[in-house]
Every structure is written in C-alpha cells, then in structure tokens.
Amino acid sequence: MTDASDPSLPEPTIEELRAETAALARQLQEVTEAARARIIRAELKAEAIKAGMIDLDGLKLIEPTAVKLDDKGEVEGAGALMTKLKREKPWLFGAHSSSSRATPPHAEPPRQKHASEMTAAEYRAARAEMLRRR
C-alpha cells in the first residue's frame, strides 16, 4: 500500500489501485471464509459434546458443504446433524447407562457430634483422639 502523505512518491496509477483493490478483496474473502470455518467447527464441537460424542475426531466425517450458517452465526440443523451421525456411527458416542443409581450428596456438609450427643465410649474415643493430636 502506498503512503499518500509523502509528496516525493509518484501517484499510483489506476491499474495499480485496481490490482491492490483486487488483492485486498481476495484477502478479505479468505479471512471471511477462514472465520466462517472456525465458527462452524466451534458450533459443531459444542453440539457434539452436548450429544455425548466421546471422540471429536468424528466431526471430520461431516461433509463441510452440508453445513450452513444462519444469520445469527449458528449452524443450521446442527442437532439434526448430530442425531443423524449418532444413528449412522454410534461408536463415536458414549453409551447411556440406566443402571447407575448413585445418590447425590447431601446439601449441607456433615457436622461433628457434640459431646452431649455422644455415648460414653464415643466421648472417650473422641477425647483420646483430640489429646493425641496436641
């Protein structure tokens, strides 16, 4: 790019300006396409994780031309695309297990027993433990 404030430089010709404009337009197009590809990859990764995909390399199996961005910058039909991929290639996704019956932890932390709540044997053991820690 030429500096218009330097009077010693010759004025660029129309052909030079057109060539520079064309180069800048190509560069802008490349940057726009790269940004769009990054957005698509990020959106697909988020959908894949939400769908339970255990190996994100499975996203390489999606045809890039099948993915379009909407006006908000989100992938159109990403959920349906993951459902289709899950149906066609189930090994890419974690298996859901209904056998787990884990109970969630209590909402309040456990508290120590007060001496008035202990039996005589519990009191002696707790007192001995406390004296040993001194």
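**Figure 1. The two faces of helix H2.** On the face of H2 turned away from its buried side you'll find the exposed residues Ala80 and Arg87. Here exposed means over 50% relative accessible area, buried means under 20%, and partly exposed is in between (1.4 Å probe, protein chains only). What you're looking at is a predicted model: local features need pLDDT of at least 70, side-chain atom pairs count only at pLDDT 80 or more, and totals for chains, interfaces and linings use all residues. Residues are numbered from 1 along each chain as its sequence is written, and side-chain values use heavy atoms, leaving out hydrogens and water. Which residues of H2 are buried? They are Ala78, Met82 and Leu85. These three sit on the same side of H2 because they cover an arc of only 65° around the axis (the arc of the directions from the helix axis to the C-beta atoms). An α-helix has 3.6 residues a turn, so residues three or four places apart point the same way. The buried residues of H2 pack against H1.

**Figure 2. A closer look at Thr83.** Thr83 is part of helix H2. Is Thr83 buried or partly exposed? It is partly exposed, with a relative accessible area of 46%. Thr83 and Ala51 are 32 residues apart in sequence, and their C-alpha atoms are 7.8 Å apart in space.

**Figure 3. The largest nonpolar core.** This core has 14 residues, and those with the most contacts inside it are Leu44, Met53, Leu59, Ile62 and Met82. (A nonpolar core is a set of buried Ala, Val, Leu, Ile, Met, Phe, Trp, Tyr and Cys residues joined through side-chain atoms within 4.5 Å.) Helix H1 (14–51) and helix H2 (78–88) are the elements that give two or more residues to this core. H1 gives the most, with four residues. Zoom in on Leu59: leaving aside residues up to four places away in sequence, Leu59 touches Leu44, Lys45, Ala48, Met53 and Met82. Contact means heavy atoms within 4.5 Å.

**Figure 4. The whole chain.** Step back and the protein chain shows three helices and zero strands, in the pattern α-α-α along the sequence. Helices (H or I, at least four residues) and strands (E, at least two) are DSSP runs, numbered from the N terminus. Of the chain's 134 residues, 12% count as buried. Among the contacts in the chain with a separation of 6 or more, 50% come from residues 24 or more positions apart.
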